[in-house]
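Good morning, and thank you for coming. Please look at the sequence and the model, and then we shall go through a few places in turn.

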Amino acid sequence: DRAALAEAERLMRARINRQHMLNGVTIVDPASTYIDADVSIGPDTVIYPGTALRRGTRIGEGCAIGPNSDLSASVVSDGAVVKHSVLDGAHVGANTTVGPFAYLRPGTRLGENVKIGDFVETKNSTIGDGTKVSHLAYVGDARIGKNVNIGCGVITVNYDGFSKSETIVEDDAFIGSNVNLIAPVRIGKGAFVVAGSTITKDVGDDDMAVAR
């Protein structure tokens, strides 16, 4: 019955968690940590309470996961931090920070030393090394270069009601707060998009774009 099943699952979780701890993983509260049998975790990683690791998720060495994070079919590389966030089919590069309260959907690939902050959602997007998406932004169907700043409230407008289109932002670009990037659109290398702009045309390298 369901009561016996719950008891069997409790015993199995304890066995899985114990094996990870014997392998050098710190689990702060094993009773509130849920790890599927096919999950791998590197040594010196810390798993905080309320965390669920599911469906073949792979965690590297020296990471910090949680509290209250849910990772499915995702890869988290060495030294990365994930706090209070949901990852589904995402790849997180080394020394990258995610959260709190971020949602990384399938097809997300983050480079190294990336910052994904609070209330950021990503989907089917590549984000290059050193780029910051600090808060309240949506990045979908996009290719974001290295060392890009994505300001607060930025949205890649990827869906026109019929099909999805791609947004490209080249290296070293600066996207100001509350900008709408209407895909398909390309923002050139080193370009500067002024806060509050809705961009419907490509912006060249090192250009400044203002739309009101």
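Where does Asn-158 lie? Asn-158 is in the loop between strand S21 (155-157) and strand S22 (167-169), where helices (H or I, at least four residues) and strands (E, at least two) are DSSP runs numbered from the N terminus. This is a predicted model, in which local features need pLDDT of at least 70 and side-chain atom pairs count only at pLDDT 80 or more, while totals for chains, interfaces and linings use all residues. Residues are numbered from 1 along each chain as its sequence is written, and side-chain values use heavy atoms, with hydrogens and water left out.

Asn-158 is buried, its relative accessible area being 8%; buried means under 20%, exposed over 50%, and partly exposed in between, with a 1.4 Å probe and protein chains only. Setting aside residues up to four places away in sequence, Asn-158 touches Lys-123, Tyr-138, Gly-140, Asp-141, Ser-163, Lys-164, Ser-165 and Ala-183, contact being heavy atoms within 4.5 Å.

I turn now to helix H1. Which residues are buried in H1? They are Ile-16, Asn-17 and His-20. Because they cover an arc of only 95° around the axis, they sit on the same side of H1; the arc is that of the directions from the helix axis to the C-beta atoms. The cover over the buried residues of H1 includes strand S1 (26-27), strand S2 (34-35) and strand S3 (40-41). On the face turned away from the buried side, H1 carries the exposed residues Ala-3, Arg-15, Arg-18 and Leu-22.

Finally, Met-208 belongs to strand S28 (residues 208-209) and is exposed, with a relative accessible area of 60%.
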